[in-house]
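This briefing is meant to be read with the sequence and the three-dimensional structure side by side.

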Amino acid sequence: MTAGAASLGKLGFAKGQVIQEFGYDDDVDDEVRLAIEEVVGSELEDEDFNEGADGILIWYRDGDEDLGDLLVDGLTNLFDQGFVVLMTPKAGRDGHVEASEVEEAASTAGLQTGGAVNVSGSWTANRLMPPKGSRR
């Protein structure tokens, strides 16, 4: 496991979870993807998966579709107490997303940010959670 991958537990990834992935492209960090698969014990599900997920992994770059809409779409398959991990390019890299944009989109989708975690040399991970209490 890479040093960044050791932080995956902080993001909520655990053995036996079903994780659905959005925004996959040739620029994603394959080491992070493989480390997540190692932690959960199965392959990541793609965007067409519709059986319910424990967590959502979103790779998002500035210029992709609307982040708020993407978060809302991702939430439709998320089990209660599920979580979202939003991966964005680090500052200074192509496609970098400002923290204020992440905050605004999370708020629009009814999520709270749980802080950024360093898991990759190129990407920053943000854990997004529904507010405490039951979701409707």
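**Sheet, helices and selected residues**

T113 has L128 in strand 5 standing opposite to it. The model in which this pairing is found is a predicted one. Its five strands form an open sheet in the order 1-2-3-5-4, with mixed pairing.

**The sheet and its edges**

- Strand 1 and strand 4 (112-118) lie at the edges of the sheet, and each has a single partner strand, so one side of each is left without a neighbour in the sheet.
- From one strand to the next, the twist averages 20°.
- Strand 2 (residues 53-59) is mostly covered, six of its seven residues being buried.
- V117 has A125 of strand 5 as its bridge partner.

**Helices packed on the sheet**

- Helix 2 (residues 30-40) packs on the sheet, where it touches strand 1, strand 2 and strand 3 (78-89), and its direction makes about 175° with that of strand 2.
- Helix 3 also packs on the sheet, touching strand 1, strand 2, strand 3 and strand 5, and its direction makes about 145° with that of strand 3.

**Helix 3 against helix 4**

- Helix 3 (residues 67-75) and helix 4 (residues 99-108) pack with their axes 8 Å apart and at an angle of about 45°, and the two helices are therefore oblique to each other.
- The crossing in which helix 3 passes helix 4 is right-handed.
- On the side of helix 3 the contact is made by L67, G68 and L71, and on the side of helix 4 by E101, V102, A105 and A106.
- Sorted by class, the residues in this contact of helix 3 with helix 4 are five nonpolar, one polar and one charged.

**Buried residues and their surroundings**

- L71, which is found in helix 3, has a relative accessible area of 1%, and because this is under 20% the residue counts as buried.
- Leaving aside neighbours within four places in sequence, L71 is in contact with I58, V84, A105, A106, A109, L111 and L128; A105 and A106 also belong to the residues through which helix 4 meets helix 3.
- The C-alpha atoms of L71 and A116, which are 45 residues apart along the chain, are separated by 17 Å.
- Y60 is found in the loop between strand 2 and helix 3, and with a relative accessible area of 2% this loop residue is buried.
- When neighbours within four places in sequence are left aside, the contacts of Y60 are E65, D66, L67, L70, L86, M87, T88, P89, V97, E101 and W123.
- Y60 and G95 are 35 residues apart along the chain, and their C-alpha atoms are separated by 8.1 Å.
- N126 is found in strand 5, where it is buried at a relative accessible area of 13%.
- Not counting residues up to four places away in sequence, N126 touches V84, V85, L86, T88, V102, G115 and A116.
- V39 has its place in helix 2, and at 17% relative accessibility V39 counts as buried.
- The C-alpha atoms of V39 and L8 are separated by 8.0 Å, although the two residues are 31 residues apart along the chain.

- Q81 has its place in strand 3 and is exposed, with a relative accessible area of 65%, a value that lies over the cut-off of 50%.
- Although Q81 is not a glycine, it has a positive phi of about 65°.

Note on methods:
Residues numbered from 1 in each chain as written. Predicted model: local features only at pLDDT ≥ 70, side-chain atom pairs only at ≥ 80, totals over all residues. Heavy atoms only, no water. Axes fitted to C-alpha atoms, helices over the stretch in contact; angles between N-to-C directions. Helix = DSSP H or I, 4+ residues; strand = E, 2+ residues; numbered from the N terminus. Parallel < 35°, antiparallel > 145°, perpendicular 65-115°, else oblique. Left-handed = near helix turned anticlockwise from the far one by under 90°. Contact = heavy atoms within 4.5 Å. Nonpolar A, V, L, I, M, F, W, Y, C, P; charged D, E, K, R; others polar. Buried < 20%, exposed > 50% of the residue type's maximum accessible area, 1.4 Å probe, protein only. Pairing = 2+ DSSP bridges.
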